[in-house]
Amino acid sequence: MKPKRANGPQAIIEQDDSAGAEQRLVLSGDWRSRGISAVAGQILSIGKRGGAGRLELDVSGIEHVDTAGGWLIRRLVTSRQQAGADVVLLGASQALKDLLEVLPDKTPVPPAGDGPRARLFDRLFSPVGMTVVELYRDTVAGMNILGSAVAGAQMKLGRNTGVTPASVVTHIDRMGVRAVPIIVLMSFLIGAIIAQQGAFQLRYFGAELFVVDLVGILQLREIGVLLTAIMIAGRSGSAITAEIGSMKMREEIDALTVIGLNPVGVLVFPRLVALTIALPLLTIIANFAALYGASIVTWLYSGITFETFLGRLHEAVDYSSVAAGMIKAPFMALAIGIVSAVEGLKVGGSAESLGQHVTASVVKSIFVVILMDALFAIFYSAIDF
């Protein structure tokens, strides 16, 4: 007599000895992942039995089945067929048949190991080669960004234009005006620290007054524009990459292309213009803040009055010192904007990709700014500027 099938949250497998076939198994219950643990061992033991013959699987009592339960049934059928048995499914629903058909006969086994071990030469120089190739691609992409931004700017002051003055002003406000407090605070502290350390060291030689020369020349030629550019790279460069990357993820850039606008000209050009305007202005503010911080410290630690500080600063600093720092600012701004835009357009469809490219944008921007400052220093030295 056919045994009674249980209807519960667990999968059940029973053997029906009343059938005329050589072997008949009755499967019932819930064959989903939460209920198959009780029959997994039975499936393995039944599948290992050898010998040919006929095996009937009555699956009409299965209430629910998912991929995990279908895997067990498929594994049982495959193992017995490989042993020479004739397996027949009875009472299978169309959904169960479709599930068993799409499941492979066996799980593909991954290859052992990672293949032949690379040579020492390849392991040493492959990363260098990949870095050089990536640098070349980034350079080409940057030049493409710059050219496309200029070509797609559509600087016509009328309707149906891709770029409006309001967009540039908005980005100047975000990248420049809102960055003033942190730039002022940072530069004030940097100027004060340089003056304090310089005064203590020059005190041994009785030349504390020359700390004004130290702070003035160092701040105006190097530190002012360099630290301001690094701060903007971390603050505004990451924002540019995140904004463009988010648009890339949501396919807004493709939408701009569909409606006939140049995405680079619409998105990148206003940011480049805003950075080119904001960074020199922030550099001027940073220089004033640093010199003000240095004057306070020299007055407190060395007794140098503000009148003496300004007089010595006027003697030590000429227009070339001011110009040497200000000339760098637009180039650094363009470099930050281009690197940030290139990394933003590389973003894929995942949040992980966005985070990786934002990080890469900040790191590469800071590296390019420092490299550019070093090249300018070498060039100024060569021309005696």
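Student: In what order do the four strands of the open sheet stand?

Tutor: This is a predicted model, in which local features need pLDDT of at least 70 and side-chain atom pairs count only at pLDDT 80 or more, while totals for chains, interfaces and linings use all residues. Residues are numbered from 1 along each chain as its sequence is written, and side-chain values use heavy atoms, with hydrogens and water left out. Strands here are DSSP runs of E with at least two residues, helices are runs of H or I with at least four, and both are numbered from the N terminus; two strands pair if DSSP finds at least two bridges between them. The open sheet has mixed pairing, and its order is β1-β2-β3-β4.

Student: Which are the edge strands?

Tutor: An edge strand pairs on one side only.

Student: In which sense do β3 and β4 pair, parallel or antiparallel?

Tutor: Strands of a sheet pair through backbone hydrogen bonds, either parallel or antiparallel. Leu55 stands opposite Val87 in β4, and the bridge partner of Leu57 is Leu89 in β4. Over six bridges, strand β3 (residues 53-65) and β4 pair in a sense that is parallel.

Student: What hand does the β-α-β unit of β3, helix α2 and β4 have?

Tutor: A crossover is right-handed if, with the strands pointing away from the viewer, the path from the first strand over the helix to the second runs clockwise. With helix α2 covering residues 67-82, the unit of β3, α2 and β4 is right-handed.

Student: How far apart are the end C-alpha atoms of helix α6?

Tutor: The expected span of a helix is 1.5 Å times one less than its number of residues. Helix α6 (residues 180-202) has 23 residues, so its span should be 33 Å. The model agrees with this, as the end C-alpha atoms are apart by 32 Å.

Student: Which helices do the buried residues of α6 pack against?

Tutor: Buried means under 20% relative accessible area, exposed over 50% and partly exposed in between, with a 1.4 Å probe and protein chains only. Among the buried residues of α6 are Ile183, Met186 and Ile194. The buried residues of α6 pack against α7 (211-249) and α9 (263-302).

Student: What is the mean pLDDT of the chain?

Tutor: pLDDT is the predictor's confidence in each residue, from 0 to 100. Over residues 1-8 the pLDDT is below 50, and where pLDDT is low, the predicted coordinates should not be read in detail. In the chain, 88% of residues reach 70 or more, and the mean pLDDT is 83.

Key
Contact = heavy atoms within 4.5 Å.
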